[in-house]
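Hi,

Here is the structure I promised to pass on. Have a look at it first, and then read my notes below.

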Amino acid sequence: ARDGSVWVTNRRSQSYVHISAGGELLCSSPYKTCTTRAAAIDSDGNAWIGCYRKRLLIKVDPEATEGTTKVIGDEGEIEVPRCKELARVKLQGVMPYGLVADGRGTLWTCCGKTINHIDARSASLIKAVNVQRDPMVKGKCFAPYGIAIDRDNNPWYANYKCGSAVKIDGRSGKVLVYTKPPRFKLPPEKIEALE
């Protein structure tokens, strides 16, 4: 976050925490909130947590807390401030594993054939796009895993099983680029060095 704090998800405890730049635990969600596998901070500073199995996003206040919850610390169970949820957004066709915020106040998330574009301010779904139906991708390998935003607010997905990347238009959701997998042959001396 802008203040140097961080949001951390933990899929084992199915919770998330907010930690200050100095390492102090600012707040936590209760254990077993959801299978947390994604996190991002929107352009207003709010945290977003992706719940993989529940197919939803949770918007969390970066400063306020509500009540307390218990966590396991170095010396056993302790009571800490509970992070304050602001909203929940149900996703369409997506189990969030990658989540990224752009500079326009929106978020992108994926895992599977579909990507979702979310308005962070109104906490609502803008659109769900089936990328595999896009003419640039149709019939090609599409297995998104990592996600990043470029300086023009376009999301890029790493095609981890395909050896390529996909660039999506940040406004329309259409595919702008589908990179070809690199094809190269290592010289014999490099192969020997790897062995």
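Where is N153 found? N153 is in the loop between β12 and β13 (155-159). Before going further, some housekeeping: this is a predicted model, where local features need pLDDT of at least 70 and side-chain atom pairs count only at pLDDT 80 or more, while totals for chains, interfaces and linings use all residues. Residues are numbered from 1 along each chain as its sequence is written, and side-chain values use heavy atoms, with hydrogens and water left out. Strands (E, at least two residues) are DSSP runs, numbered from the N terminus.

N153 isn't a glycine, yet its phi is positive, at about 65°. N153 is also buried, with a relative accessible area of 16% (buried means under 20%, exposed over 50%, partly exposed in between, using a 1.4 Å probe and protein chains only). K32 is another non-glycine residue with a positive phi, near 60°. K32 sits in the loop between β3 (25-28) and β4 (36-41), and with a relative accessible area of 68% K32 is exposed.

**Around β10**

Strand β10 covers residues 114-119. Five of its six residues are buried, so β10 is largely enclosed by the rest of the structure. On one side, five bridges join β10 to strand β9 (residues 106-110), and the two run antiparallel (strands pair if DSSP finds at least two bridges between them). T106 has D119 as its bridge partner in β10. The β9-β10 hairpin has three residues between the strands, and G112 there takes a positive phi near 115°.

β10 also pairs with strand β11 (residues 124-130), again in the antiparallel sense, over six bridges. In that pairing N116 stands opposite A128. Four residues separate β10 and β11 in their hairpin, and A123 in the turn has a positive phi of about 50°.

H117 belongs to β10 and is buried, with a relative accessible area of 5%. Leaving aside residues up to four places away in sequence, H117 touches D102, T106, L107, W108, L125, I126, K127 and G170 (contact means heavy atoms within 4.5 Å). With T106 there is also a side-chain polar contact of 2.9 Å (a pair of N or O atoms within 3.5 Å; within protein, one must be able to donate a hydrogen and the other to accept it, and residues adjacent in sequence count only if both atoms are side-chain atoms).

**The tyrosines**

Rings of Phe, Tyr and Trp (its six-membered ring) pair if their centres lie within 6.5 Å; planes under 30 degrees apart count as stacked, over 60 as edge-to-face and the rest as tilted. By this rule the structure has three aromatic pairs. In one of them, the ring centres of Y52 and Y97 are 6.0 Å apart with planes at 75°, so the pair is edge-to-face. Y52 is in the loop between β5 (47-51) and β6 (56-73), and Y97, 45 residues apart from it, is in the loop between β7 (76-90) and β8 (98-101). Y52 is buried at 18% relative accessible area, and Y97 counts as buried at 19%.

Y97 also pairs with Y145, and this pair is tilted: 5.2 Å centre to centre, 40° between the planes. Y145 lies in strand β12 (residues 144-149), so the pair ties together parts 48 residues apart in sequence. Y145 is partly exposed, at 41%. Y52, Y97 and Y145 form one aromatic cluster.

Cheers
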